[in-house]
Amino acid sequence: MKLYTTPTCGPCRQVKQTLIAEKLIDKVEIIDTPAEFPQSVRSVPTLELDNGTFLIGTSDVLFHLRQLKED
C-alpha cells in the first residue's frame, strides 16, 4: 500500500503519527512528494491499496489501516 501525503498537511501528520503509534508503519510506503503522485491523486491523505483502489481522507485511511491491525 502507498500513502500519499505532504509535509505541510495537518491531517497527513495525524495519519503518520497514528501509523507509528499503532505500529502499522511497516505496512505502508509513504510518499511525501507530490511530483511522485499518480495523476489521479488530487487530495491528501490518500491511501492506494494493493488492488489499485484509492481511499481518500483521514477517517477512511485510518479505518482501513486499523482493520488490517485487527486481522
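Biologist: Which eleven residues form the largest nonpolar core?

Modeller: This is a predicted model. Its largest nonpolar core holds Met1, Leu3, Val15, Leu19, Leu24, Val28, Leu47, Leu49, Val61, Leu62 and Leu65.

Biologist: What makes this set a nonpolar core?

Modeller: Each member must be buried and of a nonpolar type, and side-chain atoms within 4.5 Å must join the set.

Biologist: What is methionine 1 in contact with, leaving aside neighbours within four places in sequence?

Modeller: The partners of methionine 1 are Lys27, Val28, Glu29, Leu47, Glu48, Leu49, Asp50, His64, Leu65 and Leu68. Contact here needs heavy atoms within 4.5 Å.

Biologist: Why is cysteine 12 called buried?

Modeller: Its relative accessibility is 0%. Buried means under 20%. Therefore cysteine 12 counts as buried.

Biologist: And why is cysteine 9 called buried?

Modeller: Cysteine 9 has a relative accessible area of 11%. That value is under 20%, so cysteine 9 is buried.

Biologist: How many disulfides does a search of the whole structure find?

Modeller: The search finds zero. A disulfide would need a pair of cysteine sulfur atoms within 2.5 Å.

Biologist: Why is isoleucine 30 called partly exposed?

Modeller: Isoleucine 30 has 30% relative accessibility. Buried is under 20% and exposed is over 50%. The value lies in between, so isoleucine 30 is partly exposed.

Biologist: Where is isoleucine 30 found, and what does it touch?

Modeller: Isoleucine 30 sits in strand β2. Not counting residues up to four places away in sequence, isoleucine 30 touches Leu3, Thr5, Lys16, Leu19 and Ile25. Its C-alpha atom is separated by 6.2 Å from that of tyrosine 4, which is 26 residues apart along the chain.

Biologist: In what order do the four strands form the open sheet?

Modeller: The order is β2-β1-β3-β4, with mixed pairing. The twist averages 20° from one strand to the next.

Biologist: What makes β2 and β4 edge strands?

Modeller: Strands β2 (29-31) and β4 (54-56) each pair on one side only.

Biologist: How do you know that β3 and β4 pair?

Modeller: Pairing takes at least two bridges. Three bridges join β3, residues 46-48, to β4, so these strands pair. They run antiparallel.

Key:
Residues numbered from 1 in each chain as written. Predicted model: local features only at pLDDT ≥ 70, side-chain atom pairs only at ≥ 80, totals over all residues. Heavy atoms only, no water. Buried < 20%, exposed > 50% of the residue type's maximum accessible area, 1.4 Å probe, protein only. Helix = DSSP H or I, 4+ residues; strand = E, 2+ residues; numbered from the N terminus. Axes fitted to C-alpha atoms, helices over the stretch in contact; angles between N-to-C directions.
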